[in-house]
Amino acid sequence: MLRFFPSRILRAAANTLAHPDWSKTLHLPRSTFPARPKAAELQTYRQKCADDLYAWQATARSKTTREADGGKDVDNEFVLHDGPPYANGSVHAGHALNKILKDIIVRSQLSRGKRVKYQPGWDCHGLPIELKALQQRSTSGKGNAARDAGVGLSALEIRQTANALASKTIDEQRAEFKIWGVMGEWDTPYKTMDLDFEIRQLGVFREMVEKGLIFRDYRPVYWSPSSRTALAEAELEYDDQHKCSAAFVKMPFAQVPSALSQYEGIDESRLHALIWTTTPWTLPANKAIAHNNDIEYAVIELTIPGAERKPADQLLLAKDRVEHVLSFLPEGTTYKSIIGSTMGSELSGGDATCLNVFQNSHSRIVPADFVTATTGTGLVHMAPGHGMEDYSVCQKYGIGPAFAPIDDAGCFTIEAFPGSSETLTGLFAETKGAAAVLETLAKPSHASTSPSLLASHPFTHKNPIDWRTKKPVIVRATAQWFADVSKIKTRALEAIEAVRFIPESGRNRLKAFIEGRSQWCISRQRAWGVPIPALYHAETGEVCMSDESIGHIIDTIKVRGTDAWFFDAEHEAVWLHSSLEPGKWVRGKDTMDVWFDSGTTWTSLGPRSDATKPLADVYVEGSDQHRGWFQSSLLTAVATQDVNEKPKAPYGTLITHGFILDGEGRKMSKSLGNVVSPVEIVSGALLLQQQPKSKPGKSGKVKPQAVPQKSKGRSDSLGPDLLRLWVASSDYTRDVPISQQGLLGVQQALQKLRVTLKFLCGVLADHDSSTTLPTSDDVTLADKMMLSALASTSREVWHSYQHYRFHEGVREVTNFVNADLSALYFEVVKDTLYAGVAADRQRVQGVLTIVLAEMLHWLAPIVPHLIEETAEHLPASMKQGDLAKPLQRVWTKSYVQTAPAHNELVATFRAISAATKIAQERARAAGKLGSGLACRVEVKSHPSGGSEMGINDRFIQRTRSLLDSGELAAMLVVSQAAMVLQISGSTGENDTVGQASTADWSFEEPVTVKLSSNSGDATDFTVGSVVVLPPQQSKCVRCWQYTAENEELPCERCLRAVNEKKP
């Protein structure tokens, strides 16, 4: 790593006792750049690089620009639409990844001359915020516990409590987002609870009603007993280890299928349809038994040990499932085949029914394609009030209604087992209710002499859970409002064909979610949300959802707000359109799904100057939003578009990022103690907690070491740019790990950038920026290599940013700074910068000016605070140009080198350099060498290094070129360099051209180069060797090179440089 403190030259000068004081003649770096940014200064830089910059570009740059050829105006605005975070908690690392990634995207577009628009937003409604608000209210002693979901509170009180929480959270989150340097319209964000947003949302709903896309129906929906509301598919997660009691249940035939009754041996009084279910609590709601026409069925007569004297049950089931069923019965159970095989199609038709013992009703036998012979019994119990597929099949055959004797809390109602002394009422259906159902079935009923329960067993399977409460979700028929996705599905799929997906796998993911959706349940039974503008007749329950009524309600909300919908008297006439009779209509209590809220955030975007463009250029969110925001935004946008025009998604590019994991690949969890706070990263507190390496104890096991306590007030913080560089360095298309160790690496990389920029400002302190930049005739090979690396890196960074692959760009920048700039070029030119003559110094400063200007382009979107700080500490002469405001500069194209270095010449130098370093290390290991300047290098040609192909001659030629230009010693950072030519074929030892040196010590290493032969093939050849020897001259008191005639006076070059400074 580059260190910004006196180099070997300064140390040499400082230790010189002779007069004059030669150190004062050196051009050492001079800069006010501090080692660490101060908190007060960071606040200033943040203001400049975020708020001020965003305000400047909003007025200084136009939405349109004229084409280069003077033609038509073209759109010059870049719009990134913010996916709203929930306003219900503190910021976490996921927020940092999301918000900073968006900001980097916006800034990368700003640097290319775009006028950018980023309006932050917040999702303010919904159950998560409502429940948290109620929890806080309960904690403060002002109300009931959150588990009561607001019982005892009015809808207005719940809404006011939730509103206060959302408002407070928005202020807290906004403050943190701004600390990270995220720029945008922070003073005017969109909030889904603001009246103007709610009005726009209701306008979208009105359009969908007008197009026949909204309807009300009584059908099964996902229902969360823990939240007491309906849920959409996007609000579900899944528990792969859900445990339940599965059961084989005998459903006695009330009317036997005619195809079966014809068989000899069938006893209709003992014949049962055998079903298997993992949800025995749904049996009271049974309406039908489903079979598959293409499955072979059998009827068997069971004999169970201990029940031989009782009439044996006859069971209908799939032929292939007989042995499976027997495996769950007592050992010794046998069966007799009554019907060996009959096709399922023989069971269809007629009046065949089974008895529902809970309802004392008959359930029809119907075919269904989803029934298989690979699980269960090949017969499926159908409860249309508790299953989507069941509902569809029963609807097809006119079986109904969808019966679900379950209340909002998930408990059985009295309708579950009417007229029975064994009540199920009030039992939680999935647990105690299921146990009670099985207990009832285990007893003989009036319809059968044997129990209906054949067997039960524990079962583990995948089950939906509420994504917020993490509690099980059931399917329950209720009256809900739906959006008919099936009518717009085709157009939605067509719209995403024009969308660019990053990563591309997102296309299939979003497509799959859309294809698998038909109805979207958009109503919720909660108070905190936008009301569904429905009116119900007080006597008949008739629904009024006319365009006139919705329009009137929207106009009323504009004046009175949505709170009034819940607060006003039940028969308040102000809400009724003039066509409705006062006193006869009441307002509904349902609110809209929060995905409908966030799905209409595109309404906050204005029209584009180019009507062919989507409303937003980019949407960026986590990969879970394919089923959420990405989908709901697409559906609502397409739903409101003219069906006669080509459908268009509200976004042009859809970028998804992964989730945050800890260093071991685990999800962040408070219980695991692996949560990393972005607040602690920015403050530096997290890295202060980094433990030293543990040492093994006597047993060989590693013992944990205590964390050293650092002094109060001390901070190693590099500010928010550390967090930003972590985001930019991460491949966001995958899950992103974060750990203290990983952040230490990021901190080191940021410190390297900081020290590099500080060094550049320091060595350019006396640079005359009015001078002409060096031309191809002026520059050395080292300069050309530097500019070549700069051009290559700039090209890669440009393309990486263009395709939003910022981690690739950051990797290129890091490699350039570490390898090309710090490890090579700085080492080569520091002697020139500190001690060289004016012309050489100005040439190098010219190159470094180009490097600095290009690096500011690269780093502007990533670490804007550091760039703003660099501008503050630029040399005075450089503050007159565009570098004074680097974040306002336009990066029109990557840097292009006009006269690149010859590839073989560079390859020759690198080969000599590699050999030199190895020889120097050997000399150091032997105690012969300290500083690299305390040696000289001789390059020997190989006597037979491919001379027949001209390769040896070319090596000699390239080496001669380096020596003739006087560059080789400087590029190797040694005091002297020479070449010794060896000619083969003479008698005895090889003759030499040039004098072979003798010295007290020497270390030799072979030089291997890869050169192209005349045939064009690239081959490795050992063409010579490098010999490291002690220097032949004295150490210069000024530059510390061993090029002086004696140790009292500077070398010839230094004397010329000093004389240039005299008047």
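This briefing walks through the predicted model of the protein, from overall make-up to a few local details.

The model is predicted, so local features need pLDDT of at least 70, side-chain atom pairs count only at pLDDT 80 or more, and totals for chains, interfaces and linings use all residues. Residues are numbered from 1 along each chain as its sequence is written, and side-chain values use heavy atoms, with hydrogens and water left out.

**Overall picture**
- The protein has 28 helices and 39 strands; helices (H or I, at least four residues) and strands (E, at least two) are DSSP runs, numbered from the N terminus.
- Of the 1063 residues, 55% are buried; buried means under 20% relative accessible area, exposed over 50% and partly exposed in between, with a 1.4 Å probe and protein chains only.

**Confidence**
- The average pLDDT is 87, and 89% of the residues score at least 70; pLDDT is the predictor's confidence in each residue, from 0 to 100.
- Residues 1-18 stay under 50 in pLDDT, and the model gives them 43 contacts beyond four places in sequence; a contact means heavy atoms within 4.5 Å.
- Where pLDDT is low, the predicted coordinates should not be read in detail.

**Helix α13**
- After α13 comes Gly-561, with a positive phi near 80°.

**Cis peptide bonds**
- The bond from Gly-400 to Pro-401 is cis, with omega near 0°, and Pro-401 sits in the loop between α9 (388-396) and α10 (429-441).
- The bond from Ile-502 to Pro-503 is also cis, with omega near -5°; Pro-503 lies in the loop between β22 (500-502) and α12 (505-515).

- Tyr-804 has a positive phi near 60° and lies in the loop between α21 (781-802) and α22 (806-835). Tyr-804 is buried, with a relative accessible area of 5%.
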